Amino acid sequence: MSSIGLLMVVVAFASTDCQLITDENEAWAFVNRVNDESQEVYFKSIQASWNYNTNLTDHNSQLSVEAKLVEAAFEKEVAANASRFNWTAFQNETLKRIFKKASDIGSASLPEDRLTKLKVIESELERLYSSAQLCDDDSTCNNLDPGLTRILAESRDYDKLLWAWFGWRNVSGRKMRNLYKEFVNISNEAARANGYADTGEYWRSWYDMDNLREECQKLYEQLKPLYLNLHAYVKRKLIDKYGEDKFPSTGQIPAHLLGNMWAQSWGNLYSDLLQPFKNKPSVDVTEALKEQNYTAQKMFEVSEEFFTSLGLIPMPEEFWNHSMIVKPDDGRDVVCHASAWDFLNQKDFRIKQCTDITMSDLITTHHEMGHIQYYLQYKNLPVVFRRGANPGFHEAVGDVMSLSVSTPKHLKEIGLLEEVVDDEESDINFLLSQALKKIAFLPFGYLIDQWRWSVFNGETSPEDYNKKWWDLRCKYQGVSPPVQRTEDDFDPGAKYHIPGNTPYIRYFVSYVIQFQFHQALCEAANQTGPLYKCDIYNSHVAGNKLSDMLSLGSSKPWAVAMEKVTGNTTMDAGAIIEYFQPLITWLEKQNEGMDIQWDEACPTDLPVYTLPTQSPEPETTDPTGTGNVVFPNISLLIVLCSCLFALLKE
Ligand SMILES: *[C@@H]1O[C@H](CO)[C@@H](O)[C@H](O)[C@H]1NC(C)=O
Ligand SMILES: *[C@@H]1O[C@H](CO)[C@@H](O)[C@H](O)[C@H]1NC(C)=O
Ligand SMILES: *[C@@H]1O[C@H](CO)[C@@H](O)[C@H](O)[C@H]1NC(C)=O
Ligand SMILES: [Zn+2]
């Protein structure tokens, strides 16, 4: 059907000469026809990608790559036909915007051989990350989820943490270095074919701002004092736990001690190490979820109920039928990193999440469902407008819900907390637990794409990939590698969004604007108390406001969308600072008279680490010869080889 449709589009213009078409009615007819067809083309490609992501086999990879090539050929054709119209002179702004978006086709602009290579590399990077396993000396093997994630969250044994932290980087990122280098080259070729200097510039273009970098820097500088104070408080507690000798004299915190594989969110340290007032009830509901026998299904239902309480759209039946909300136990490799899918056929919306029964995963469920809500709200718009107002908006929706859901009052209302104490100390407890998620993340969210932008524009060459990564981590996050890293390592690859090729500045943007949205929706919901106590549950007024913004998709510039909710048209850190104000005051007092800075540079005198040895078994030793890591399975090797063969064939 789609190929016949393609032909029609081509035939329709066979008779026109090279004069550009100015008739807007004709343009609308073209747009409508292309839209129907694109739904079918995208559906097939997304379905193939879903099949691969939920079952990482060589066969499924091939089918997914093939479908992506069909999709790219379609986009190329559409862009070519769109260029027959004099669209930049159209009167109707909506029409003009549709043409603009349809003309911006990303990697589809590559010649077929390069495109194939790019898609194969992307597919392989995804698999390398998602099927990586770290085996211990009993040959028990851990995937990232749930195994290594749990170790990082729960263990307080310095050496065990180091083993998991180091081992994960050894079996994941380290294997991607060369592929990633190749990926950067081809990805830049695509950007240049579209008229951008490099892929970073292309990604930044999605924000319709000339000064995205400067704006983010400004926001970051505004929030930095809060991060410095949090960092200093947490570092002191960790020194109490692990001993001063484990900490570098440069002032950073060793990166494996923060409860998370990338030290990007520190909430897992809250209950046992960081809660300021121990005699007040904890606000972490992980234990309650377990005691009450929560399942993934129940967590998803609780999340949906929050959305519907605001009068928003419930998850459709297809969602419940086809989502993957627990990790399959039939031995298949899947991409566990949580994601939300719009199949672009206006019916099929799914989440893929290897849900663990924890508070952190309950928050993730809300986050992913926020994406689905956005999809549902804009599903009747033309396909090219089924995007967030900017990528940060998309990441913010579910998090806005979580800001209400996480309040002690709400958690009590849904039976996850037994008692809520309303006093200053309890407020500080709560705000600190929130800061460990929201404030701790800011420098991480800010630095990832600084690394990638500098890689794409050539400022950072492949010989400095890992060094640059750590320069940024030490400088901004104030975390340092616990042991020596070299340019044989590729630590960026140990974070999903690098092999998964998902831009990251969106999360930084989201962490700022979600507080602006929260503030505005709280006002709409007539919540008059402090911002951090606000719960918009059951407020249809707030829900309607949000819906007004979401249903615009990307049909209008993001400032217009933002105005629907906040009445303002700029990103602003004022709301997040207001939210955390009592904590800021408290932390400043805790840190009074102390040096809360750290050196920009990483420590230089780090020890060398080798994974603990085990009795050698020749057929299972790591083929790269580094460390004693059992290679996951032989079929992956075969697949890798056949993939490399495919790459070399060209
Ligand atoms: C995974 O994909 C393979 C094809 O590569 C297929 O044979 C198998 O049935 C799939 N497994 C599941 C559980 O869908
Ligand atoms: C553009 O055209 C559409 C369809 O004809 C119409 O509904 C819309 O109001 C027009 N927009 C503007 C800004 O003129
Ligand atoms: C969902 O699954 C149920 C039970 O298998 C089935 O009866 C129903 O038709 C399915 N609905 C959709 C929309 O796929
Ligand atoms: Zn997301």
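In the predicted model, a polar side-chain atom of Asn55 lies 2.3 Å from an oxygen atom of ligand 1, a polar contact being a pair of N or O atoms within 3.5 Å. Taken alone, ligand 1 exposes 360 Å², of which the protein buries 44% (Shrake-Rupley method, 1.4 Å probe). The residues around ligand 1 are Asn55, Thr57, His59, Asn60, Asp330 and Arg332 (a heavy atom within 4 Å).

Around ligand 3 are Glu317, Glu318 and Asn321. The side chain of Glu317 has an N or O atom 2.5 Å from a nitrogen atom of ligand 3, and that of Asn321 has one 2.3 Å from an oxygen atom of ligand 3. Ligand 3 alone exposes 360 Å², and the protein buries 37% of that.

Helix α23 (a DSSP run of H or I, at least four residues) covers residues 574-590. Buried residues of α23 include Ala575, Tyr579, Phe580 and Trp586 (under 20% relative accessible area, 1.4 Å probe, protein chains only). Their cover includes α10, α16, α18 and α20 (heavy atoms within 4.5 Å).

Residues are numbered from 1 along each chain as written, with chains lettered from A and ligands numbered from 1 in the order written. Local features need pLDDT of at least 70 and side-chain atom pairs pLDDT 80 or more, while totals for chains, interfaces and linings use all residues; side-chain values use heavy atoms, without hydrogens and water.

Key. Helices (H or I, at least four residues) and strands (E, at least two) are DSSP runs, numbered from the N terminus. The expected span of a helix is 1.5 Å times one less than its number of residues. Buried means under 20% relative accessible area, exposed over 50%, partly exposed in between (1.4 Å probe, protein chains only). A polar contact is a pair of N or O atoms within 3.5 Å; within protein, one must be able to donate a hydrogen and the other to accept it, and residues adjacent in sequence count only if both atoms are side-chain atoms.
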